[in-house]
Amino acid sequence: MVARQDICLRRLGEGRRAREVGFHRLLSNDKVTIERLIEGWSEQTVSAVAGRHVLAIQDTSEITFATTPGRRRGLGEIGKGRGRGVLVHAMVAVDAASGGCLGLVAGSVYIRKGRIKTPHAKRALEDKESRRWIDTAVQAKSVLAEAATVTIVADRESDVYANWATLPGGNVHLLTRVMHDRAVVGGGTLSKVAAALPFVATRRLELLATHKRAARKTEVSLRFGKVDVCRPDNPGAKGLPKSVSVNFVDVVDLAGVEPVHWRLLTTHEVGDAATAWQIVDWYRRRWTIEQLFRLMKTHGLRLEDSQLASADVLIKLAAIATKAAVVILQLVQARDGQGGEPAGNAFSPSEIAVLDSLDASYQGRTVLQSDPHRRHSLAWAAWTHCTPWRMGRLSILQTARAYHITPRARILPRHRQGLGTLRDVCMP
């Protein structure tokens with residue numbers, strides 16, 4: 001899938017019926033479970049994170065598949081009931097210093113099974129879909145055990161009191177954008193406490209393009225402080241501590257056409273403006289997981305185009321596509337050779353052996369035709385992927401910009417020549 005930049009089983013089989021059937025049988029095999037596929041997400045990540053400060057960035061993406069009233073394919077509702085599909089909740093490990101993607105950590109792929117009539121506020125935590133934020137973070141602790149520091153980063157939806165009360169400790173910290181204007185110990189709310197403080201620093205910030213806004217530069221002001229937030233009065237917080245101590249960083253664009261206001265909560269200590277800006281920069285690394293989802297969908301694998309008929313098979317396909325997309329993202333980041341990351345961050349030893357064979361056949365007679373990167377580095381692997389197209393079609397690694405993946409992306413070579421028959425796949 002990484003090699004052909006596609007999820008279509010017919011194209012993956014290169015038009016050969018036997019291969020197409022083989023892929024479909026793999027996905028339909030009861031021994032190939034979604035749990036085992038997700039367990040394989042982090043095989044390379046465990047060693048890649050050792051000794052680093054890791055940003056464990058998590059988010060959820062809705063994968064919408066075309067359906068009709070007579071052909072729902074067993075899919076659940078998404079998008080507030082307006083569509084049908086699966087949900088991919090993924091966590092990626094990112095080096096806090098360089099911003100390099102180190103691989104997948106944990107997550108889940110699931111469908112919603114009907115509507116729940118009990119109001120969200122009256123449900124216990126274990127009965128809420130938002131439990132995924134905590135479950136994924138708990139799974140991450142074992143995968144990231146060798147990291148020097150772990151900062152779990154997420155957007156507003158993960159602002160759940162139970163996160164703050166149960167996850168931090170030791171070398172594990174949280175960093176989340178505020179969703180709830182929580183009551184604080186001593187009276188008032190978080191927003192009122194922040195509004196009473198003066199801004200202490202100003203900086204020019206580059207805002208990246210999204211589907212809602214164009215890229216632009218703006219000047220933002222910053223203030224920070226520390227508060228004890230109170231436990232909310234709902235079943236989801238029952239039995240948790242009455243309050244938790246957190247630091248906040250308030251970033252405001254006072255003059256923008258579309259004003260920016262990020263109120264960030266973290267368990268990291270924030271004692272001065274320099275540290276506060278560092279918190280902001282770590283939060284901005286969250287863009288990495290947005291790029292991952294773009295590669296899975298419209299700007300890469302085009303997962304939503306799949307016509308597979310069964311929800312069970314589509315869930316497995318989504319799990320495999322998530323792993324493939326993160327490898328592509330790692331190759332995109334490594335193509336300039338600046339990061340120095342090893343190929344083992346993305347590839348297994350058997351895949352590196354295949355790349356070795358291909359690299360030997362691709363080396364030219366001149367310096368320009370030879371791989372300039374250190375052998376077995378991720379940049380070396382990216383060069384090997386690109387080589388067959390240097391004089392013809394462009395690959396994703398050549399066309400993708402640093403923060404934006406262009407749509408024409410399905411032209412990586414099939415480097416897994418020895419793996420194409422699925423003979424290395426084993427699910428005991």
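1. Does aspartate 59 count as buried or exposed, and at what relative accessibility? Please keep in mind that this is a predicted model. Aspartate 59 counts as buried because its relative accessibility is 11%, which falls under the 20% cut-off. The residue is found in strand S1, which covers residues 53-64.

2. Next, the surroundings of that residue. Setting aside neighbours within four places in sequence, aspartate 59 is in contact with Val88, His89, Ala90, Trp133, Arg286, Ile289, Glu290 and Phe293. Two names in that list, Arg286 and Glu290, return in a network of salt bridges that links Asp59, Asp155, Arg286 and Glu290.

3. On salt bridges in general, the count comes to 17. One of them joins arginine 182 to aspartate 159, with the closest N and O atoms 3.2 Å apart. Arginine 182 sits in the loop between strand S6 (172-177) and helix H7 (190-195), and aspartate 159 in the loop between strand S5 (149-154) and helix H6 (161-166), so this pair ties together parts that are 23 residues apart in sequence. Both arginine 182 and aspartate 159 are buried.

4. Aspartate 250 deserves a look of its own. Its salt bridge with arginine 223 has the closest N and O atoms 3.0 Å apart. That pair links distant parts of the chain, with aspartate 250 in strand S9 (residues 243-252) and arginine 223 in strand S8 (residues 216-230), 27 residues apart. Both aspartate 250 and arginine 223 are buried.

5. Aspartate 250 also meets arginine 263 in a salt bridge, at 3.1 Å from N to O. Because aspartate 250 lies in strand S9 and arginine 263 in strand S10 (residues 261-266), the pair ties together parts that are 13 residues apart in sequence. For burial, aspartate 250 has 0% relative accessibility and therefore counts as buried; arginine 263, at 15%, counts as buried too.

6. With 12 residues, H8 reaches 17 Å from its first C-alpha to its last, close to the 16 Å expected at 1.5 Å a residue. Its N-terminal end is capped by aspartate 272, which has a side-chain oxygen 3.3 Å from the backbone nitrogen of alanine 274. The buried residues of H8 are Ala276, Trp277, Ile279, Val280, Trp282 and Tyr283.

7. Finally, two backbone angles. Arginine 73 is not a glycine, yet it has a positive phi of about 60°. Its place is the loop between S1 and strand S2 (76-78), and it counts as buried because its relative accessibility is 7%. Histidine 376, also not a glycine, has a positive phi of about 70°. This histidine 376 lies in the loop between helix H11 (349-362) and helix H12 (378-386), and is partly exposed, with a relative accessible area of 27%.

Terms used: Residues numbered from 1 in each chain as written. Predicted model: local features only at pLDDT ≥ 70, side-chain atom pairs only at ≥ 80, totals over all residues. Heavy atoms only, no water. Salt bridge = Lys/Arg side-chain N within 4 Å of Asp/Glu carboxyl O. Helix = DSSP H or I, 4+ residues; strand = E, 2+ residues; numbered from the N terminus. Buried < 20%, exposed > 50% of the residue type's maximum accessible area, 1.4 Å probe, protein only. Expected span 1.5 Å × (residues − 1). Polar contact = N/O pair within 3.5 Å; in protein donor to acceptor, adjacent residues only side chain to side chain. Contact = heavy atoms within 4.5 Å.
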